[in-house]
Each structure stands twice: as structure tokens, then as C-alpha cells.
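Subject: Structure handover

Hi,

Here is the structure for your files. My notes on the pocket, the ligand and a few other features follow below.

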Amino acid sequence: MVDRIASPSDGTFDRRFVDDLDELLRWRRDVRRFRTDPLAPGLLDEVLASAELSPSVGNSQPWRWVEVRSAEPRASVTASFERCNAEALDGYRGDRARAYAGLKLSGLRDAPVHLAVCCAAAGDQGHGLGRRTMPQTLEYSVATAVSTLWLAARARGVGVGWVSIVDPDDVTDALGVPDDWSLVAYLCIGYPEADDDVPALERAGWQARTDSQTRYRVV
Ligand SMILES: Cc1cc2nc3c(=O)[nH]c(=O)nc-3n(C[C@H](O)[C@H](O)[C@H](O)COP(=O)(O)O)c2cc1C
């Protein structure tokens, strides 16, 4: 892993940085169309080093990164996606089915990097803090790391696509990870074919963002 150069910052951020951060949030996309060229040397390590700064319950850091380079597990994951995607299509009817069939829902065939992100349940790190009442916070912690990775990648011009249309047992079997590791995310990573500030599903007419007021209440 690449060591980060210590920042001269004192931990305060000016308005320009805040505006840039908001731009990053606006331009982060779930990417499914990738160029096939490899990432620049050291770039994945740099992104993972940033993702390591994520919060976790009890400081447990339960995420485990599995870079899938070999053809065989990649093919197994792609086959699982294709089967699960066909099953998902079966669950829709009429216009929705036609729309679903037209969506591109993974970049598994083109992305130069496949990264499975797993949650290790058996580790002692964190000494159980926060998990007695909400054991699911271990997996939530891994999801926060994925979110950090997504932004750290986008800030460097790298696209990330989250593929959940797979059978998690197919994936963990194909990767041969320890029994106590569960799959949280299977990520395609690479340079995007194009950048956009509108989600692909919105552009495709599947689902637009909705008014944020409907998700907020004061009690
Ligand atoms: C937990 C999770 C699972 C997802 N799984 C898939 C997936 O299997 N295939 C896909 O195309 N997009 C997947 N996405 C991406 C969402 O469709 C995407 O985030 C959403 O449409 C908003 O678009 P944006 O990320 O570009 O803002 C997933 C996103 C999340 C957070």
C-alpha cells in the first residue's frame, strides 16, 4: 500500500474546498461503461489508502479488499450476474420489463479492476463496541468504506460501479474467502467512457431522483 504524504493542513477547509467537495458529490456516478486500459500504477493503492480512513463501529475496520485478477473467478462472477439479471428481468412485466432489458447494469466485461469488498465477522478489532445492540453495524461500516472509496476514486478520475445483481454465495465461493467473510459489494473499477452529472438510471428513464423534502421530518 502506498504511504500518504503528510498533509500540511491543520484540518480546516476553506469555501473553495467545500464547493469542490460538493462538485465531487454531484459528479460521482455509478459507472457501467469503462475503458479497458489499466489504471495508472499505484492509483488503486492510493484509493484504497483513502478508503482506509473510513469510520467503523468500534474502530473495527472490518472491510477486506479482494482484488480479483484471475480469469476463473471473474468468469464465475460474470456468470452469476448474468443468471441473476435474467431472473430479475423475469420479475418485471410489460413496459418495465422492456425498460429493464435495455439497462446496462454492470461493467464486468470491460472494467480493468474487479474488487470484492467483504466484511470479516470474526475479528477482535474493536472489542465488540457498538455491536452488541446492532450487530449489523459491522456491515454498515464496510458500506461506509465503499462510499469513501467511490469518492476517492472519482476525485482521481476513476469510475466505480457497484454490482449487487449477483448471488453473494457464488461470489464468496469463487473467491475462496474465509467462511466468516460476507460479500458487501462487488465493484468494477476503471476509467469511465464518459462523465455525467445525472445518474444513468435517470438518463434511461428508469428512476429519477425525487424531492429531498419527502425524506425529511422533524419529530
Ligand atoms: C448498494 C448498492 C447496490 C447497487 N447495485 C447496482 C447494480 O447491481 N447494478 C447497477 O447498475 N447499479 C447498482 N447500483 C448503483 C445505483 O443504481 C446508483 O447508485 C443509482 O442509480 C444512483 O446513480 P449514481 O450512483 O450515479 O448517483 C448500486 C448502488 C448501491 C448503493
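Which helix gives the largest share of the lining of the largest pocket? Helix α7 (residues 200-203) does, with three residues. Helices here are DSSP runs of H or I, at least four residues, and strands are E runs of at least two, numbered from the N terminus.

Before the rest, the ground rules. This is a predicted model, where local features need pLDDT of at least 70, side-chain atom pairs count only at pLDDT 80 or more, and totals for chains, interfaces and linings use all residues. Residues are numbered from 1 along each chain as its sequence is written, and side-chain values use heavy atoms, with hydrogens and water left out.

Pocket
The largest pocket has a volume of about 400 Å³. It is lined by 21 residues, of which D30, R32, R33, A200 and R203 are the closest to its centre. By class, the lining has nine nonpolar, two polar and ten charged residues. (On a 1 Å grid over the protein atoms alone, a pocket is an open set of points with protein on both sides within 12 Å along at least five of seven lines; a cavity is a set where a 1.4 Å probe fits but cannot get out; lining residues have an atom within 4 Å of a point.)

Ligand
The residues around the ligand (a heavy atom within 4 Å) are R28, R29, D30, R32, L105, W162, V163, S164, I165, P199, L201 and R209. This shell has six nonpolar, one polar and five charged residues. Look at the polar contacts (N or O pairs within 3.5 Å). A backbone N or O atom of W162 lies 3.2 Å from a nitrogen atom of the ligand. The protein covers 73% of the 610 Å² of accessible area that the ligand has on its own (Shrake-Rupley, 1.4 Å probe).

Salt bridges
There are 13 salt bridges (a Lys or Arg side-chain nitrogen within 4 Å of an Asp or Glu carboxyl oxygen). In one of them, D197 pairs with R26, with the closest N and O atoms 3.4 Å apart. D197 is in the loop between β4 (181-190) and α7, while R26 is in helix α1 (residues 15-27), 171 residues apart.

Cavity
One cavity of 30 Å³ or more is present. The largest cavity has a volume of about 40 Å³.

How values were computed. Grid points are joined across faces, edges and corners, and a volume is the space filled by probe spheres set on the points. Ala, Val, Leu, Ile, Met, Phe, Trp, Tyr, Cys and Pro count as nonpolar, Asp, Glu, Lys and Arg as charged, and the others, Gly among them, as polar. A polar contact is a pair of N or O atoms within 3.5 Å; within protein, one must be able to donate a hydrogen and the other to accept it, and residues adjacent in sequence count only if both atoms are side-chain atoms.
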